[in-house]
Amino acid sequence: MFKKIVVANRGEIARRVMSTCREMDIETVAVYSDVDEKAIHVLEATEAVHLGPADPFESYLNMDKIIEAVKQTGAEAIHPGYGFLAENADFAKRCEDEGIVFIGPSSKVIKDLGDKIISRQIMSGSGVPLTPGMTESDPPRMADEADRIGYPVLIKASAGGGGKGIRVVNSRDEIEEAIKSASSEALNAFGDGTVYLEKFFEKARHIEFQILADSHGNVVHLGERECSIQRRHQKIIEETPANRMMQELRDKMGKAAVTVARASGYVNVGTVEFLVDEDDKFYFLEVNTRLQVEHPISEMITGIDIVRKQLEIASGEALNLKQDDIVCRGHAIECRVYAEDPEQGFFPSPGRIEYLKEPTGPGIRNDCGVYSGFEVPVNYDPIISKLIVHAETRDMAISRMIKALSEYVLLGVTTPIPFLIDVLKSQPFKEGNVFTDFIPRHFSEWKPGNHDLNAALAAFIVDEMTGGRKMKVSKNAVDKIPSPFQTLGNWRL
Amino acid sequence: MEYRLSVNDDTVLVEVEPAGDNSLSVTIGNSSSQISYTIINDHHIRLHIDGKGINAYVAGNADEKCIVINGMTYRIGDADAAKMKGPRKSQAGRTPNEVTTPVPAVVVQVMVKEGDIVEKAQPLLVVSSMKMETTLAAPFSGRVIKINTSEGAKVMPGEILVDIEKEGEA
């Protein structure tokens, strides 16, 4: 087992990885940029290496500096977290060349599976059902193929993700324009304009399977996750088990996920994504070659520490788990709490966390990347925490999540907590009608409620009458020293 | 004692009478409540309203406080205090009277030109940051005097992107 590793990430995921490392007596090295000098992941690491300015290219995305941090501290391995360099095949290759263990699959696997066309080619030989479409990029043939598959179809970027480089095509005469615009968007976003063709399922569910594969040929899956509450292709609520998932379908899809892992030579932890249509037919979509944001819900229902498994597999240990050993109990839900304003189109709303009170109680887990007094930087994804609950049934998990969100207090930044509460209380969510169009369909005109307005007005008055926080001047706020006019209070003539 | 409190775009009149140690009688509209309170810390007030216990979490000052109760956030200001001090940056960093980006961003689209008459809440610009796009809207009705940016420009919070002469002020 490793004695020391570098966690090449920040925020809640860096903290979460280090947490398991501490349990395993592995020393941790945090890396940080200028704005993260006092970030929680730095405070909780054994040592910390300063990378440079806040710009990700000068810090968390800077391969040279991160490799240097490994050498400087004598660490043996790098855990890349998610995002940043986690799926960068070049970075994984550099680690391999430098004799540093990259905690994840090999650079070849990351490269192959990062290319959607190559992934499809690998899977088409393996018996895994593929979304109907093409397995090469051949624009002149796309119109004929689209006719054959049936509209609507998708023109998709091979190197793509995050909703970019995708166009829906409803008829043959739209194809040429769609190819041009998807290709150019992909070229701008990913540096690669290659596109291919896939059938578009309007009412499909995105169901993903968590896989673990060791270097001794053992592969298991930890069940599925359903991530159908999205906003502009960003996930906000995830749950497991998936709604209306029959055990028979789960077994079939689980076996397919394991086949996908074997067909691609996968080692370590990953996620196989499928589309499930209205007739419960499933199709391979892609593999995410990293630890995913929503991994905690799988941990809750199986009791397995997935980060621990990553470390064990990366250090050469064999999985001591057989598929039959994996038992899923109860229901888990995760809500992503970002510093975003749901009333301003979820635009980032970073700031200084003035007060933080995390929810607690049975079956409640908050993977949090901030603390009271921390200044949330504007330069990165504004994730505050992931709130996860686990309960016996879906209904109980929903109530538990509503309760947890209602107790979660974050002052100083705006979060979508009121929005999330309303989504969870809604009839469509309770019924499990969670297709990818959930938010536009049911919540496009959302406005926050004001059930406790009178209590809030009373609180305002009590706060004013008892002096509030008026007299406190922070050391950094030299230009905010209250003038006599501000401290005088209100008066009326 | 009377308070005029602003909640979103409305003003609410609240009558307050002391009613003993840490107790008040509060009247809003037609309903009166007995309220007793305990200050737990700088940000936490425990209220008992007509016998029911409520935890209220507070940040901010008289211009605007953010009050969180049961997961819901209320932005409340003292309408009289706001008048005296003039427009200020609100506690959550929003500047209600300026057209500026809340985070460093890139201008994606400019939807008005100099000389245009605009209505309150009319979209003026679209900016993009961290893969998100948002529309900045007119904080009040008036005439666009100057556009201080252009498509593709990188902008920072505090930079006034569009100068609008308020309707009625010449």
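**Salt bridges and a buried asparagine**

A search of the whole structure finds 41 salt bridges over all chains, a salt bridge being a side-chain nitrogen of Lys or Arg within 4 Å of a carboxyl oxygen of Asp or Glu. The structure is a predicted model, in which local features need pLDDT of at least 70 and side-chain atom pairs count only at pLDDT 80 or more, while totals for chains, interfaces and linings use all residues. Residues are numbered from 1 along each chain as its sequence is written, chains are lettered from A and ligands numbered from 1 in the order in which they are written, and side-chain values use heavy atoms, with hydrogens and water left out.

Side chains of opposite charge can pair when their charged atoms come close. One such pair is A:Arg94 with A:Asp64, whose closest N and O atoms are 2.5 Å apart. This pair links distant parts of the chain, since A:Arg94 belongs to helix α4 (residues 89–98) of chain A and A:Asp64 to helix α3 (residues 63–73) of chain A, 30 residues apart. Helices (H or I, at least four residues) and strands (E, at least two) are DSSP runs, numbered from the N terminus. A:Arg94 has 27% relative accessibility and therefore counts as partly exposed; buried means under 20% relative accessible area, exposed over 50%, and partly exposed in between (1.4 Å probe, protein chains only).

Helix α4 of chain A also holds A:Asp97 and A:Lys93, which are four residues apart and thus separated by about one helical turn. These two residues form a salt bridge with closest N and O atoms 3.0 Å apart. A:Asp97 is exposed, at 58% relative accessible area, whereas A:Lys93 is partly exposed at 40%.

Salt bridges also join residues into a network, made up of A:Glu208, A:Arg225, A:Lys235, A:Glu238, A:Glu294 and A:Arg336.

A residue of another kind is A:Asn366, found in strand β18 (residues 364–368) of chain A. Because its relative accessibility is 16%, A:Asn366 counts as buried. Its side chain makes a polar contact with the side chain of A:Ser385 (2.8 Å). A polar contact is a pair of N or O atoms within 3.5 Å; within protein, one must be able to donate a hydrogen and the other to accept it, and residues adjacent in sequence count only if both atoms are side-chain atoms. Leaving aside neighbours within four places in sequence, A:Asn366 is in contact (heavy atoms within 4.5 Å) with A:Glu358, A:Pro359, A:Ser385, A:Lys386, A:Leu387 and A:Tyr408.
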